[in-house]
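I opened the model to look up a few packing details. My notes follow.

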Amino acid sequence: VFPADEAGCGHYRLIWPARILQQTYGDQIVVVPPRSRDEVLQAKLRGETVVDVGIPADADVVIFQRVTHRYLVQAIAHIRRRGVAVVIDMDDDLTCIHPANPAFHMLHPSGPNAMHSWKNTTLACEAASLVTVSTPALLDRYARDHRRGRVLYNYVPERMLEVPHNDSNVIGWGGSIHSHPTDLQAMGPSIAQLIQTGHRFKIAGPIQGVHGALGVTHNTEIECTGPVSIDAWPLSLSSLGIGVAPLADTKFNAAKSWLKMAEYAAVGVPCVASPRVEYARLHKLGVGLLANKSNEWRTKLQALAGSPSMRQDLATRGREVMEMLTIEYNAWRW
């Protein structure tokens with residue numbers, strides 16, 4: 001199992017499910033962290049062409065995440081010719097990243113980093129034995145033609161359900177403008193209006209760019225945790241009284257998973273989310289509220305801020321839903 005990173009995506013999609021399965025299958029499952037990849041996966045090149053690939057001799061299946069490198073795409077055919085299955089896992093539609101996201105320039109086919117591109121990702125998925133994705137929209141993007149794909153929804157670690165949550169009327173967002181450059185704006189002026197009337201707003205994550213995205217002056221008080229590690233993330237999220245999960249109505253977000261909303265629910269935070277496809281799917285199961293226009297955001301957040309019983313009802317229901325949506329309960333799907 002080759003996770004692309006050791007941040008949230010790598011853990012949720014591959015590392016945590018693999019660890020659960022290791023409890024049953026032991027050393028039949030080996031997780032190779034990014035820092036050790038070159039020791040385990042070695043390509044032999046002739047010019048710009050991969051002519052051979054060294055992989056562990058006993059491997060039956062290799063799982064790669066978010067493949068963007070030209071050489072790794074070429075390596076897939078060599079690996080499969082040995083009778084070894086290749087699985088590609090995808091959690092985002094890289095073909096329509098917003099230009100304000102730094103990844104857009106990193107992965108643009110004509111960008112400065114010629115070895116990496118979203119075109120390589122599409123080629124890798126076409127060459128793979130199987131593609132696993134977090135949403136049906138991604139299945140349509142990366143496995144529509146060959147139909148060798150499966151949806152593995154994003155689930156949460158069971159331990160998140162045990163994180164203590166102290167009720168409050170503090171409204172907040174867990175995230176970073178760096179990777180969500182246009183999403184806070186989906187709430188319109190609602191947060192600015194709520195702050196003006198005395199409501200508190202908090203960021204679980206870095207503060208950079210938040211004031212501008214919310215349309216408030218830079219001297220407006222916004223509480224902030226600063227950057228948060230993957231281990232500290234659940235406690236950081238649980239410090240919010242009411243969570244917001246805005247997603248702009250874009251093609252990229254149409255394929256986004258329900259993870260943010262699921263994380264809020266798991267740590268006992270009642271939330272309001274944009275009516276994107278996967279958030280609506282989780283809402284139908286009983287998690288959170290949905291809001292589209294600015295006045296809907298303001299009205300629903302005001303109602304939650306003013307009603308401890310409403311917050312408690314949503315929090316309780318959310319955690320009950322997430323009991324069936326843990327990685328431990330669903331790891332068998334991997």
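I started with R276 and listed its contacts (heavy atoms within 4.5 Å). Leaving aside neighbours within four places in sequence, R276 touches L247, A248, D249, N253 and N292. I then checked where R276 sits: in the loop between β11 (271–273) and α12 (277–284). Helices here are DSSP runs of H or I with at least four residues, strands are E runs of at least two, and both are numbered from the N terminus. R276 has 11% relative accessibility, so I logged it as buried (under 20% relative accessible area; exposed is over 50%, partly exposed in between, 1.4 Å probe, protein chains only).

A note on sources: this is a predicted model, where local features need pLDDT of at least 70 and side-chain atom pairs 80 or more, while totals for chains, interfaces and linings use all residues. Residues are numbered from 1 along each chain as its sequence is written, and side-chain values use heavy atoms, with hydrogens and water left out.

Next I looked up the sheet. It is open, with four strands in the order β3-β4-β5-β6 and parallel pairing (a pair needs at least two DSSP bridges). The twist averages 20° from one strand to the next.

I checked one pair. Four bridges join β4 (residues 85–90) to β5 (residues 130–133). V87 in this pairing stands opposite L130 in β5.

How values were computed: Axes are lines fitted to C-alpha atoms, for helices over the stretch in contact, and angles run from 0 to 180 degrees between N-to-C directions.
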